[in-house]
Amino acid sequence: MITVTRALHFDAGHRIPDHQSQCRNMHGHRYTLEITLSGPVSTVDGAPDRGMVLDFSDVKAIAKALIVDVWDHAFLVYSGDTVVRNFLDSLGDHKTVVLDRIPTAENLVRIAFDTLAAAYQAQYGDRLKLTHARLYETPNCWADCYAAT
Ligand SMILES: Nc1nc2c(c(=O)[nH]1)N=C([C@H](O)[C@H](O)COP(=O)(O)OP(=O)(O)OP(=O)(O)O)CN2
Ligand SMILES: [Zn+2]
């Protein structure tokens, strides 16, 4: 089995409301999301994806539509973070994404993985499997989510 990995980048704001240190402040990151799919390499004569598991641009298309375009230049806020939600609401036309969990790297990569696993499955069936997603919050800090085996 071969895997292919595509990296995508986006900028977003967040805060960790109960954090003991500086991450309780509203701040932003340039996130990197890495998507890894596994599957057989196409051997279909004349097929545009011959020799590929999946064209990198097709890996990108779904992740861009469902995660990057939704989170890019948004503020990712926990639904229970009432004070910040009220502030963001007061701004009117602001790109805010309300999440059902605190926007740590761990929770964000889980949301991304679950969203994308369902989408790749819907598009490509059992031919491909999302096996791994990695989300970098900073160049030094990231979280991984793996498919259940
Ligand atoms: N397990 C987690 N720990 C932390 C998370 C997280 O999502 N999961 N998030 C943060 C902060 O939001 C921030 O992203 C990390 O800041 P920091 O530790 O400062 O990361 P840097 O790469 O900038 O490290 P420096 O030492 O400042 O260079 C905190 N913890
Ligand atoms: Zn942060």
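Colleague: How many bridges join strand 2 to strand 5, and in which sense do they run?

Modeller: Seven bridges, and the two strands run antiparallel. This is a predicted model, by the way.

Colleague: Give me one pair from that. What is the bridge partner of Leu37 in strand 5?

Modeller: Leu130 is the partner of Leu37 there.

Colleague: And strand 5 with strand 6, parallel or antiparallel?

Modeller: Antiparallel, over six bridges. Strand 5 covers residues 129–138 and strand 6 covers 141–146. The two make a hairpin, with two residues between them.

Colleague: Which residue of strand 6 is the bridge partner of His132?

Modeller: Tyr146.

Colleague: Step back a bit. How many helices and strands are in the protein chain?

Modeller: Three helices and six strands. In sequence order the pattern reads β-β-α-β-α-β-α-β-β.

Colleague: What does the C-alpha trace span along its principal axes?

Modeller: About 60 × 30 × 25 Å. The chain has 149 residues, and 24% of them count as buried.

Colleague: What share of the contacts comes from residues 24 or more positions apart?

Modeller: 59%, taken over the contacts with a separation of 6 or more.

Colleague: On to helix 3. How many residues does it have, and how far does it reach?

Modeller: Helix 3 has 20 residues. From first C-alpha to last it reaches 27 Å, close to the 28 Å expected at 1.5 Å a residue.

Colleague: Which of its residues are buried?

Modeller: Leu108, Val109, Ile111, Ala112, Phe113, Leu116 and Tyr120.

Colleague: What covers the buried residues of helix 3?

Modeller: The cover includes strand 2, helix 1, strand 4, strand 5 and strand 6.

Colleague: Now the largest nonpolar core. Which residues touch the most other members?

Modeller: Leu33, Ile35, Ala112, Leu116 and Ala133, out of 29 residues in that core. Strand 2, helix 1, strand 3, helix 3 and strand 5 each give two or more residues to this core. Helix 3 gives the most, with seven.

Colleague: Switching to the ligand. Which residues are around ligand 1?

Modeller: Ile16, Cys23, His29, Thr104, Ala105, Glu106, Glu137, Thr138, Asn140 and Cys141.

Colleague: How do the residues of that shell divide into nonpolar, polar and charged?

Modeller: Four are nonpolar, four are polar and two are charged.

Colleague: Which elements each supply at least two residues of the shell?

Modeller: Helix 3 and strand 5.

Colleague: Where is His73 placed?

Modeller: In the loop between helix 1 (56–71) and strand 3 (74–78).

Colleague: Why does His73 count as exposed?

Modeller: Because it has 11 C-beta neighbours inside 10 Å, and the exposed class takes 12 or fewer.

Colleague: Which residue with a positive phi follows helix 3?

Modeller: Gly125, with phi near 65°.

Colleague: What about Arg127, where is it found?

Modeller: In the loop between helix 3 and strand 5. Arg127 counts as partly exposed, with 14 C-beta neighbours inside 10 Å.

Colleague: What separates the C-alpha atoms of Arg127 and Ser38?

Modeller: 8.7 Å, although the two residues are 89 apart along the chain.

Colleague: Last one, Gly80. Where is its place?

Modeller: In the loop between strand 3 and helix 2 (82–90). Gly80 is partly exposed, with 13 other C-beta atoms within 10 Å. The C-alpha atoms of Gly80 and Arg101 are separated by 8.0 Å, and these residues lie 21 apart along the chain.

Conventions:
Residues are numbered from 1 along each chain as its sequence is written. Chains are lettered from A and ligands numbered from 1 in the order in which they are written. This is a predicted model: local features need pLDDT of at least 70, side-chain atom pairs count only at pLDDT 80 or more; totals for chains, interfaces and linings use all residues. Two strands pair if DSSP finds at least two bridges between them. Helices (H or I, at least four residues) and strands (E, at least two) are DSSP runs, numbered from the N terminus. A residue is buried if 20 or more other C-beta atoms lie within 10 Å of its own, exposed if 12 or fewer, and partly exposed in between; C-beta atoms are placed from the backbone. Two residues are in contact if their C-beta atoms, placed from the backbone, lie within 7 Å. A residue is near a molecule or strand if its C-beta atom, placed from the backbone, lies within 6 Å of it. Ala, Val, Leu, Ile, Met, Phe, Trp, Tyr, Cys and Pro count as nonpolar, Asp, Glu, Lys and Arg as charged, and the others, Gly among them, as polar. The expected span of a helix is 1.5 Å times one less than its number of residues. A nonpolar core is a set of buried Ala, Val, Leu, Ile, Met, Phe, Trp, Tyr and Cys residues joined through C-beta atoms within 7 Å.
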